[in-house]
Amino acid sequence: MQTFRDDLRRGEAVEKDFLDRLLVSFKHATKSVGKNSRYDILIPELDAKVEVKFDPMSRETGNIVVEYFHNQPSGLHTTESDHWLFYDGVDEYWLTLTDLIGICASQSPTRIHGRGDRHPKWVYLVPIEVIRKNARQ
Amino acid sequence: MNPNSLLNACKAAAKKPSYGQALDMLERNLDSEFWDVAKATLPFYVCGHVLDLSTAAERREYMETIPASVYPTNAKSLIEMGVRKLYADLQR
């Protein structure tokens, strides 16, 4: 059975893999430091910050989880990332923050209790089809 | 509290003529322990309300009712982005 720690490790590996790919074109790209960082990867050459979301469960549930409140404003409310990358283990989808907020604004949020979480989270469960339709190439 | 009750409260508040009135309505209708999550949810519902206003002037006027020191601090920019995306989708 996958544990919270396993999930975290896999998520970090995905970020590292993505950064390695970026470094081929953008040699100053860096990964954020610290768990309270409001972005995952900084690309100074593009003046862009990227949030990387690894969500393998979305292949089973059909939904991508987008958080906005976890005992305090979080996720969409606190991000500094203007680009979001969702990776489900097979496919990856790029969205701008504007697109993502607009998508969520046309859905209903829900409350979930994540593994290893002390407090419930308020999230949008965005159908993968909607993400795919709005993703940038 | 049932999540649906909270969401219904946010939906109703989003239809008020100003953001301040929407916040007041949430505080009147919800227990204080739910104010923060309700105020974090409200901006998403407000996007649709702003888009439904008849004219650009009305939309601008509504946006001006969002207090400078609002909670969460990004509420105004979040609403602006949401409206922009919903509007772009309508134009397609």
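Predicted model: local features only at pLDDT ≥ 70, side-chain atom pairs only at ≥ 80, totals over all residues.
Q: What makes up the contact of α2(B) with α3(B)?
A: From α2(B) come B:Tyr19, B:Ala22, B:Leu23, B:Leu26 and B:Glu27, while α3(B) supplies B:Trp35, B:Ala38, B:Lys39, B:Leu42, B:Pro43 and B:Val46. Sorted by class, these residues are 9 nonpolar, no polar and 2 charged.

Q: Why are α1(B) and α3(B) described as oblique to each other?
A: Helix α1 (residues 3-14) of chain B and helix α3 (residues 35-52) of chain B pack at about 50°, with axes 8 Å apart. Since roughly parallel requires an angle under 35 degrees and roughly perpendicular 65 to 115, the two helices are oblique to each other. Their crossing is right-handed, and among the residues that meet there are B:Leu6 and B:Cys10 in α1(B), with B:Tyr45 and B:His49 in α3(B). By class, this contact has 10 nonpolar, 2 polar and 1 charged residues.

Q: What makes B:Lys85 and A:Asp99 a salt bridge?
A: The cut-off is a side-chain nitrogen of Lys or Arg within 4 Å of a carboxyl oxygen of Asp or Glu, and the closest N and O atoms of B:Lys85 and A:Asp99 are 4.0 Å apart, so the pair is counted. The count between chain B and chain A is 1 salt bridge.

Q: How much area is buried between chain B and chain A, and which residues of chain B lose the most?
A: The buried area is about 1,800 Å², with carbon and sulfur atoms giving 69% of it. In chain B, B:Phe44, B:Met81 and B:Lys85 lose the most area to chain A, together 34% of what that side buries. The contact takes 23 residues from chain B and 21 residues from chain A.

Q: Why can the pair of A:Lys31 and A:Glu15 be said to tie parts together?
A: A:Lys31 forms a salt bridge with A:Glu15, the closest N and O atoms being 3.0 Å apart. A:Lys31 lies in strand β1 (residues 30-31) of chain A and A:Glu15 in helix α1 (residues 4-25) of chain A, so the pair links parts that are 16 residues apart in sequence.

Note on methods
Residues numbered from 1 in each chain as written. Chains lettered and ligands numbered in written order. Heavy atoms only, no water. Axes fitted to C-alpha atoms, helices over the stretch in contact; angles between N-to-C directions. Helix = DSSP H or I, 4+ residues; strand = E, 2+ residues; numbered from the N terminus. Parallel < 35°, antiparallel > 145°, perpendicular 65-115°, else oblique. Left-handed = near helix turned anticlockwise from the far one by under 90°. Contact = heavy atoms within 4.5 Å. Nonpolar A, V, L, I, M, F, W, Y, C, P; charged D, E, K, R; others polar. Buried area = accessible area lost by both parts, 1.4 Å probe.
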